[in-house]
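Have the viewer open while you read.

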Amino acid sequence: MNVLLVNPPSTGVFTTFGVSLPPMGLLYIAASLEQAGHKVQVIDLQCEPSGLDPFHIKAADVVGITSDTTRIEKAMEIARQAAAIGRPVVMGGPHPQFMAEEILRTGHVHCIVKGEGDLTFPRLLQSLERREDLAEVEGIIFRDGKKLVETANGPVPDPELLSLPARHLLDLSKYSASLNGIPLTPVVTSRGCPGACSFCSSSSFFGRRWRSRSPESVLAELDEVYNRYGFRAVAFVDDNFSLSPERVIAIADGIRARSYDLQWWNFSRVDNIVGNPQMVQAMAQAGSKTVFLGIESADDESLKTLGKENQGEATAKAVKLLQENGIEVFGSYILGHLNETAKDVERTIQMAVDLNTNIAQFSILTPYPGTPLYRELKERIFLKRWKFYDALHLVFRHPRINRHLLQFLLIKAYLRFYRRSKKAKDDFRDYGKTQDFSLKRMLTCAYDLFF
């Protein structure tokens, strides 16, 4: 079959921090489909300002669309366009899975794939090609007349056994992500998250069992990225890259053994950093330049409600350890937890200033579908325009903070953090240039007003 896979245009601040990166989920699925004998075309509308050409839809037998919450309105526009031409539409991603009834009710989407589609999507295409009963396909949701049908969960892929993502289907030079001015590409080394953060749907979507690739498998992909595609910077984008310090050290040793001039960044946890100084040293020696830490809040009670443990003094120790090894720290903070007052938010802002990480990102607490937080706040949500679920807008009635005040505190957080020094002011100005339009407008206006 001819399969068209489409990635909707970016909208939110969480879309890889305002820079464009290849859609790795689609590229993994594309690799599985090619292996199954299908002809695949991937169109990433992040990089196609002219939009989707109807010719591409007409040439396809099936149109697959991925989406998160902020992009679902754009994704549904694509689905309507494909359905009007008579092409069956299959959707995947966290938002379609958790809001399946709302999406299928439109009549534009034929079927939704639950969770990871690497194994489910090829099986679904086989069923469509043979005109078999969809109820026999595991891992999907569809409508049978007025009835919503959800089949049993599909097979969970072993990342070690999957083909490398089909990067050859995209022009990688179109993407803007870089590290220290060097173009980078993402690499996924594990799936699943054992954490239980109330604001994150990752554990619900991928499962709580951490499934990692071996160092040998990761290094084989780095060989391809470095030698075939010429990248000298990568982003390890999995949620728990450093969950196994031994694995990180083995990957770092492999990079050094190859004498690769490679820079990289990754997500990590405070406890993984503080408890493993040898790992941090190995990372630095192998080209690690930036580590993202989800610090979130200065308030112990807020951390509990988020499903995160209080790190106490460990946070400052982690920041110090990374910076002593020449690794920049990207600190992330969430403002407006349910139990917080404006004074509590001010404490988190002060904590960010005191920690003095190289970069700070501040977000407003947002209840994404599929998260425990969404289920808890469902009756308090007053804004259902999904494009505003960008962590820049308060979308529910906060019990203690007026929404306009929280918007002001978000701006204040950036101002206070990036007014620490002249260099910080320059970083603040540059940060505004790299974000999506709404945040860029907010930050650049604030810069002009206060600097």
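Which residue in S13 is the bridge partner of Thr185? It's Val234. Before going further, note that this is a predicted model, where local features need pLDDT of at least 70, side-chain atom pairs count only at pLDDT 80 or more, and totals for chains, interfaces and linings use all residues. Residues are numbered from 1 along each chain as its sequence is written, and side-chain values use heavy atoms, with hydrogens and water left out.

**The sheet**

Strands here are DSSP E runs of at least two residues and helices are H or I runs of at least four, numbered from the N terminus; two strands pair if DSSP finds at least two bridges between them. Zooming out, 6 strands make an open sheet with parallel pairing, in the order S10-S13-S14-S15-S16-S17. At the edges are S10 (185-187) and S17 (359-364), each pairing on one side only. Ignoring direction, neighbouring strands are turned by 20° against each other on average. Helix H14 (residues 342-355) packs on this sheet and touches S15 (288-296), S16 (328-335) and S17; the direction of H14 makes about 175° with that of S16. Contact means heavy atoms within 4.5 Å, and angles run from 0 to 180 degrees between N-to-C directions, with axes fitted to C-alpha atoms (for helices, over the stretch in contact).

**Helix packing**

H9 (residues 245-257) packs with H8 (residues 215-228) and also with H11 (residues 277-285).

| Pair | Angle | Axis distance |
|---|---|---|
| H8 and H9 | about 40° | 9 Å |
| H9 and H11 | about 25° | 9 Å |

H9 and H11 therefore count as roughly parallel (angles under 35 degrees). Their crossing is left-handed, while H8 passes H9 in a right-handed one; left-handed means the near helix is turned anticlockwise from the far one by less than a right angle, right-handed clockwise.

On the H8 side, Pro215, Val218, Leu219 and Leu222 meet H9 residues including Ala250, Ile251 and Ile255. Towards H11, Pro245, Val248, Ile249, Ala252 and Arg256 of H9 meet residues that include Met279, Ala282 and Met283.

**Confidence**

The chain averages a pLDDT (the predictor's confidence in each residue, from 0 to 100) of 91, and 91% of the residues score at least 70. Residues 12-17 stay under 50, and residues 445-451 are below 50.

Note on methods. Parallel < 35°, antiparallel > 145°, perpendicular 65-115°, else oblique.
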